[in-house]
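Here are a few notes to read with the model open beside you.

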Amino acid sequence: MAATVVTGTLSGCRVGPNYSRPAAPLAPEFKEEGPSSFKEVGGWKSAQPGDAQIKGQWWTMFDDPALNNLETQIDPANQTLKAAEANFQASRAAIRYYRAAKAPTISVAPSMNGVRNSVNQPYFNKTLAVDGTGDFLLPIDLNYEADVWGRIRRSITQATDQAQASAADLETVRLSLHAELAIDYFNLRSADAQRKLLDDTVLAFKSALQLTEDRYNGGAAPLSDVTQARTLLQTAQVQATDVDIQRSDFEHAIAVLVGKPPASLSLAVSPVTQEKPALPAIPGMLPSQLLERRQDIAAQERRMAAANEQIGIAKAAFYPTLGLSASAGFRATSVTDWFSWPSRFFAVGPAASQVIYDHGRRRASSDMTLDQYDAAVANYRQTTLTAFQQVEDNLNALHRLEIEADQQHQATASAQQSLDLFNTRYEGGVDTYLQVITWQTSLLQNERNDIDITRRRLEASVLLVKALGGGWNSNQLPQHP
């Protein structure tokens, strides 16, 4: 009884440091207790009311039924996500594996053997010789390690921390896949818009070529005007073909993301419009709250906690291991006597072991865990810095692209006006056809830039949602009791 009390008392001990979350590298003005904002927030307004904040199915803010339909296919079908889910389940199983060490291990190893001694072996008393006997053995062994220094408890805690990190990794993969699909989808719609523009341009260039040929046939234009018009038409046709290649690539990428062979997915043509795209409302949160919203930051923080537990496990190796061993069962020389009460045997007793000398192995292991913890802290802080950078980059991109879109609209309008003027001057014989060619090319490039800026704004809005962690929060991590 006394031994049990002592063991229970000692099992409350735990060597090694208690985990305390290291400080993140926040800017001096980013105070958790006071209001602040991101550097590039500019004229953005915080989401009001709170229900306008980013939700789990954040892609619905773009109000695109086709995109919504594709996004819902990722979770049940994407193979990369299934692999991440399997890794998470494996990490949960690891918790049960280490938790099993809290209970004794019981094993049984029955055996039956025939035994006959050689009467001719050296130093053998021949009067003891028998024709043969049986050896029937049924041992039941019990082994239990008292968790005196907390090694087992820290192993369980470490496995729990790793499982939570794996859960955060799973959500990182999920968010990345949904964001990748949205970006590919908007690229595809941009390619549709580029193709429509080029198709319209090819028709316009064909009309211009016909007009130029008529003027040439009537003696009002040189042959060089015809060749220039034909070259411009053929260049536009080449660009249209190249856009088809890009569109096919994006369609194939989307098919793989939703778990389908590329041959089985065909998306209808749907050109992106140049209207102001739907952009995410910036949550009314402090920059420090980003630490709770980012899955990758949560994963690194949990890995820090796991590395801290490993320090305690390494330190426990410097202390003796205390345990209890027991063996009991039946043993006889015949089957009939095997399970009789006189055939019983047992042995029970405590055991202790202590490494006296290992040439610095335990010290090296302890030092290694300290270094690994320092590396985990550095990775956590670097991930935090990267998260702030991504938010600032995309806030800045959205703000600047809004200005750039207005500037580009004006440039496109000016190019159209210039082309109209030089067309009139050319038809009146005032200017050469080179001026018309120049402004046709300029207008096409400006119109394509208009479409591309719209694509970039949509892409930046998706990346901003991703940088903000989507609709996720660290309180969604499983607790694994």
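1. First, a word on terms: a pocket here is an open set of grid points with protein on both sides within 12 Å along at least five of seven lines. Bear in mind too that this is a predicted model.

2. With that in hand, have a look at the largest pocket, which has a volume of about 420 Å³. Its lining counts 25 residues, and D200, T201, A204, L443 and E447 are the closest to the centre.

3. Which helix gives the largest share of that lining? It's α5, with eleven residues. At least two lining residues each come from α5, α10 and α11 (433-467). Sorted by class, the lining of the largest pocket has 14 nonpolar residues, seven polar ones and four charged ones.

4. Now α5 itself, which covers residues 151-217 and so has 67 residues by the DSSP run. From first C-alpha to last, α5 reaches 95 Å, close to the 99 Å expected at 1.5 Å a residue. After α5 comes G219, and its phi is positive, near 80°.

5. Last, T384, which sits in α10 (residues 361-427). Is T384 buried or exposed? It is buried, because its relative accessible area is 0% and the cut-off for buried is under 20%. Setting aside neighbours within four places in sequence, T384 makes contact with A24, P25, L291 and I297.

Definitions and conventions:
Residues numbered from 1 in each chain as written. Predicted model: local features only at pLDDT ≥ 70, side-chain atom pairs only at ≥ 80, totals over all residues. Heavy atoms only, no water. Helix = DSSP H or I, 4+ residues; strand = E, 2+ residues; numbered from the N terminus. Buried < 20%, exposed > 50% of the residue type's maximum accessible area, 1.4 Å probe, protein only. Contact = heavy atoms within 4.5 Å. Expected span 1.5 Å × (residues − 1). 1 Å grid on protein atoms, 1.4 Å probe; cavity = no way out; pocket = protein on both sides within 12 Å on 5 of 7 lines; lining within 4 Å. Points joined across faces, edges and corners; volume = space filled by probe spheres on them. Nonpolar A, V, L, I, M, F, W, Y, C, P; charged D, E, K, R; others polar.
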